[in-house]
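Subject: Handover of a structural model

Dear colleague,

Please find below the structure that I am passing on to you. My notes on it follow directly after.

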Amino acid sequence: MTTELASTPAPDMSASPPRRPWDFDRLLPYLLVIPAALALALVSIYPIYEAIKASFTKYLYGRPVGSAGFSNYIDVAHDPVFWQSMGTTVEFVLLAVTAETVLGLALALLVINEFKGVKFVRLSILLPMTIAPVVVGVIWRLIYSSETGFVDPLFVALGLGAPRVLSHETSAFVGLVVVDIWEWTPLLFLIALAGLQSIPQEPLEAAAVDGAGPVRIFFQHTLPLLIPILAVGVILRLIDAIGTFDQIYVLTRGGPGTATQLISIYAYNTAFNFTDYGHGTAMLIALLVFVSLLILVAVALMRRAAARTS
Amino acid sequence: MGRFLKGLALVVIVICCLLPFWWLFVVSLRHRVDIFAGPAAWPTNPTTENYQALFGQYHMGSFLINSLVVVSVSVIISLLIGTPAAYALARFDLPGRLGSVGLMSALFVRMVPAILLVVPFYIALGRFGLLNNRLGLIIIYTGINTSFVIWMMQSFLAEIPKEIEEAALVDGDSRWSAMWRIILPLAGPGLAATAIFAVIATYNDFLIALTMTSTPKSQTVPVGISTLIGKIQVEWGPMAAAGVIGAVPIIIFATIVQRHFVRGMTMGAVK
Amino acid sequence: MNEIPEDPKTVSRRNVLRGVGYGAAFAATAPILAACSSGTSGGTTSTSPSPGDTANSPSGKITIGSFQDPAMKPFREVYVKKFTEQTGIQVDYQETAYDTWYQNSKSDGLQKTGAYDIYVMDDNWVPEYAAGGIIQSLDKLGLKVNPNILPKGLDQGYWPPRSGPKLAAFKDTPPELFALVIIDDVNMLYYNKNHFSTPPKTWDDIYTAMKSKATPPNLYGWAARGVKGNPSVMTYLPLLNSYGGNFANDDWTPGFAGPEGVGALERLLSFLPYMSPSTPEMDTDQETGLLLQGKAMALTEYTGTAVSAVDNPDSSKVVGMIDFATTPSQVKAGPAIGTFICGIASAAPNVPAAKAFLEWFTSDEIQTDFARNGGSAAVTSTALSDSEAVSKYRWLPAIAESVNNAVPKPRTPDEPKFEDILGTQINLAVVEALAQGGNYTQIATAHLKTAAEQMQAMLDQNKSVYFG
C-alpha cells in the first residue's frame, strides 16, 4: 500500500497518475472524516432530535404520558418566570461582557510593552479563567459569605456597613457579575493582547510623528484595527455567558428570591428538579435557536479574524 | 509619576487576580472554629484536617480517579478520531462543501453552552442505561472534545506548508504514510497543546457530570466539590480543600500551554 | 390543556410498548398509577410477606442514599454499622445536599439506574415518588409494619393518602404504603431559659419577649432559616398553621394568601428588626449556630439539632440552657411535620435486604435503642414513652406531643414545586422587609399573592389530575 503512487481528489495536488477504481488514497479523506463525524453527530444531531421530541411530549411526574403538541411551547411563552429569567440573563450578559471587554482592553494596553515581571503579571491575569467554574464559585462563596468571608469585615473596617452580598437581591446579582468579570476578563485581555501585538506599528509611529497624542492614536488607529479581533472574543464570551450555570449553582442557586436566576438555572430546575422535561426542553430549544444565530455571527467574525492574523 | 501609577495599578491587578486563590488556600488550612472566628491573611495554627476529611470522609480519592479515567480516555479517543479528520479538512477539498459543513458542525458542538444539551444527553443516556456510569460521561466528552480537536488541529495543520508533503508524495510516499511520517511529527507541539486544552475543559466540566452521575462511583472532581455545599450545612474547610485540589492540576497545565491560550479559547481564530 | 388519559393502564402499557429501552422495567412502568392497577387493598398495618421472600434470608449489600441532616447522625454512625453486625448485610451509606439528593434520587428511580436500594426522603416527596413510580409499593413487597409506629407518622408513607383530600385522578385508588417513616421529625420550639421563664405559648408572647430583651447583634430575639425554597417554607409553616391558614385548602387552592396567611407572615417579618441581617442566607447550620452560641433567644427547628448539638459542649455554649416546647399557637397549634421516610428504589438491586433493613430499623427494639442513645425522634409510641429514654432526653415528650398536633403538607406530587414557589416568595419578602424596615402588611400581601397565583397556574396546568 505504501508504495502506491499518490492520487487525490485535491485539485491543487498535481502529479496524479490516472485514477484507479477503489483507490485507497481516493477514499482516504472520507475514511479520515467518518469516525469524527459520527462522534459529532452523537453529541449534536442525536441529542437535538431527542430534545425536539421531548419538547412535544407531555410529562407528568417525570414520565411521558402522551403528545403535548405545541402546548409546552405555548406554556413557556406565557410563563412570567421564564421571561423574568430571560430578562435577568440579558442583563447579566450585557453588564458582564461590557465590563470584561473594557477591562480586558485596558489591561492589555497596560502590559503590551515588555517590562521586568511582565510574564508574571500576564500569567496572574490568566489564571482565573483556567480553573473550573465550580472552583470559582467556591472561592467567591468563601469570600462573600457573611460567616466566613472577608468582604463584610473589610467594609466594616473601612467604616461602611457590612454589605452581606448574598442576602440582598441587588448585591447578590452584582456579586455574581463581579465573579464573572473576575473569571472572564482574562479571556478578553488575552484576545486584546494578541490583537494589539498583531497590529503593524508603522502607521502608529507615523501618526505620532504627525503629532497625534496617545489617546487619539488609540481611538483613530489602534481601535479600528483591533475591533475585528476583539469582536471574536466578545461574541464567544456572549455565547458562553448565556449558559452560565456552575458559579450560580454554587453561590446562590438563583437566590435570593429570583435575583440571580438565569435562564440556565430555571431550565435546569424545570427539567431536573421538577422532572418536567417537556417544558424544560421547550425552553432550551427556544434558546438554542437564538444561540445558533449568535454562533453564525461568531463564525463569520472568526473567519475574518483568522484571515487577518494568519 | 506615570511609572509609579502604572506600577501601583499592576500591583493592584495582581492582587485582585491572586488574592482569591490565596484566600481559598488559607481557608483550606484552617480549623473549623478558626474559620468562623474571622478572616485571616495567613493560616494561623494550620491544619491538614480538612484534606484528611476530604479523602477520608468525602470520597475525594474516587472523584479524582473518576476524573482521571474519564478525562484521559475521552481525550485520547478524541485525539485519535479528531486529528485525522482535521487533516482531511485542512488538506483535501471535500466535495459539496462537505468540508465547511463539517467544520461548522464541529464549531457548533464546541460553542453551544452545555445547558442546552444536557437534558437530551440525560434522556439519551437514561435510555441506554448509562447514567451514573463513567462510560456515559466518556461518550459525551469524547464527542465534545472531538469538535475541539478538529478545530484546533485544523488550524495547526494548515500552518504546515503543503510543499513538505508534496515533496514526500513526489518521492513516492502514499498520502497515508506521508500523514504519519511527515505531518504528525511536525504537528506534535500543536497536538500537545490541543490535548492539554481538552484535558482542562473536560476536567473542569461540571454541568454534564452533575446531571449524568449520582454517586461517588462515577462522580468527577467538580461534582464532588459541589456535594460539600449542603444547604443545611456548609463544610467550609473541606470545601476549600477540595477547591485547591480541583484547581492545582489545572493551574499547572495552564502554565504549560500559556502561549497557546488565545488560540485554544478562540478555536484557532486568533493566534 | 392536556389531560392524563382516562385509563391509566393504557398509559403504562403504552410506555412499555414504546420499548424505549426500559426493557426489564415492567413492574415500574406504571408511572402515575402503579397503585391504580393494584389489586391489593391498602392494609392499615401489616401484610403478610409473600412466600418467596422467606425462603432464603437476605444477604449481600445495600446502598442507602440520604440528604445531609443533623438528625441522620446516629443513623449514619451507629445503626448502619449495627445492622451489618447483626445481619452480615453490608451497607453503603451515601449522603449529599438536600436539593442534590432530591434530584439524584428522583433521577435514579425514574431512569431505573439502580444505584440505590433505599432512598431516605423528606415526607413531602412521597406522593411524587409513589405516583411517578420512583419507589415501589411496600405493601406489594410484603413489608411487615410494626403496629406501634405512631399513626400520624405512618400516614405520611401512604399514597394516595389515607385521609384528607385526594387528587381527583387518584380518588378510586386504594392507598398503599410506599414509604416507611424512620425518624418522626417535627418542628419544635427551642428556647433559651435565660430569656424565657416559662415556655412561650403564642407568637405574640415571643414578640413581646424579644421587644424587651433582644439586643442585636449581641442577642437576637429570633433566628430562622431564610434561604429560598424548603428552608423558608419550614420557617413559615408553623406560623401559617397556627394562624389558621393552610398551605393548600381541601380543594387544593392555595390557602395562604388570605388574612390568616398574611397575618402569619407579617408576624414573622415583625421579628426581623430583632433578627440577624443575614437571615436570607441562613440555613439550619447558621441559625442553630446563633442559638448555640447564646446569641438567639429562640427558634423553631427540627429535632436533629437537639439530638446532635444542644448539650454537646463542643458545639454549644448553652449546655442545659435550651428547653423545648411544641411550636407556639395563635388561633391553634400547628407544628409542621417533617418525617424522614424511606422508600425502596424502583430498580433497587437488592430488594430483600432493603426490606429487611426497614423492618429491622423500625422494630421496637431498635427504635427504643434509638431513643435511649441520643434521644432521636423515634417513630414508635413505645420508644417515645420509654421511661429510660425520657429521663435522659427531655425533648422526647415534646416530640410525641408535636407529632400528634402536626399538620401535614399537602399530599400531592406537585408539593415540592409548590414549596419552591412559596419558599421563593417568603425569602423575597424577608429580603424586602429587611431592606425597608417596615411596611410589612404590604410586603406580606404582595408576595403571598404572587405565590398563590403561581401555584394556581400550576393547578390549572394539571387540572384533570386535581379536579377530574
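How closely do the axes of helix H5 (residues 118-126) of chain A and H1(B) approach, and at what angle do they cross? In this predicted model, the two axes come within 8 Å and cross at roughly 35°. The crossing in which H5(A) passes H1(B) is left-handed.

Turning to chain B itself, the secondary structure consists of 14 helices and zero strands. The C-alpha trace of chain B spans about 75 × 65 × 30 Å along its principal axes. Chain B has 271 residues, of which 59% count as buried. Among the contacts in chain B with a separation of 6 or more, 74% are accounted for by residues 24 or more positions apart.

Chain B is divided into domain 1 (1-47) and domain 2 (54-265). The C-alpha centres of these two domains of chain B lie 32 Å apart. Their contact takes seven residues from domain 1 of chain B and six residues from domain 2 of chain B. On the side of domain 1 that touches domain 2, helix H1 (2-28) and helix H2 (32-37) of chain B each supply at least two residues. The largest share of that side, four residues, again comes from H1(B). By class, the side holds four nonpolar, one polar and two charged residues.

Chain C also has a domain assignment, with domain 1 (41-185 + 338-405) and domain 2 (188-336 + 412-467). Here the C-alpha centres of the two domains of chain C lie 27 Å apart. The contact between them takes 30 residues from domain 1 of chain C and 28 residues from domain 2 of chain C. Four helices of chain C, namely H3 (73-87), H4 (98-110), H5 (126-131) and H16 (396-405), each supply at least two residues of the side of domain 1 that touches domain 2. H16(C) gives the most to this side, with five residues. The side of domain 1 of chain C that touches domain 2 divides into 16 nonpolar, eight polar and six charged residues.

One strand of chain C also deserves mention. Why is strand E6 (residues 179-183) of chain C largely enclosed by the rest of the structure? Five of the five residues of E6(C) are buried, so the strand is largely enclosed in this way. E6(C) is joined by four bridges to strand E12 (residues 340-344) of chain C, and the two strands run antiparallel. Within this pairing, C:Cys342 in E12(C) is the bridge partner of C:Leu180.

Yours sincerely

Terms used:
Residues numbered from 1 in each chain as written. Chains lettered and ligands numbered in written order. Predicted model: local features only at pLDDT ≥ 70, side-chain atom pairs only at ≥ 80, totals over all residues. Domains from an automatic or database assignment. Contact = placed C-beta atoms within 7 Å. Nonpolar A, V, L, I, M, F, W, Y, C, P; charged D, E, K, R; others polar. Buried ≥ 20, exposed ≤ 12 C-beta atoms within 10 Å, placed from the backbone. Pairing = 2+ DSSP bridges. Axes fitted to C-alpha atoms, helices over the stretch in contact; angles between N-to-C directions. Left-handed = near helix turned anticlockwise from the far one by under 90°.
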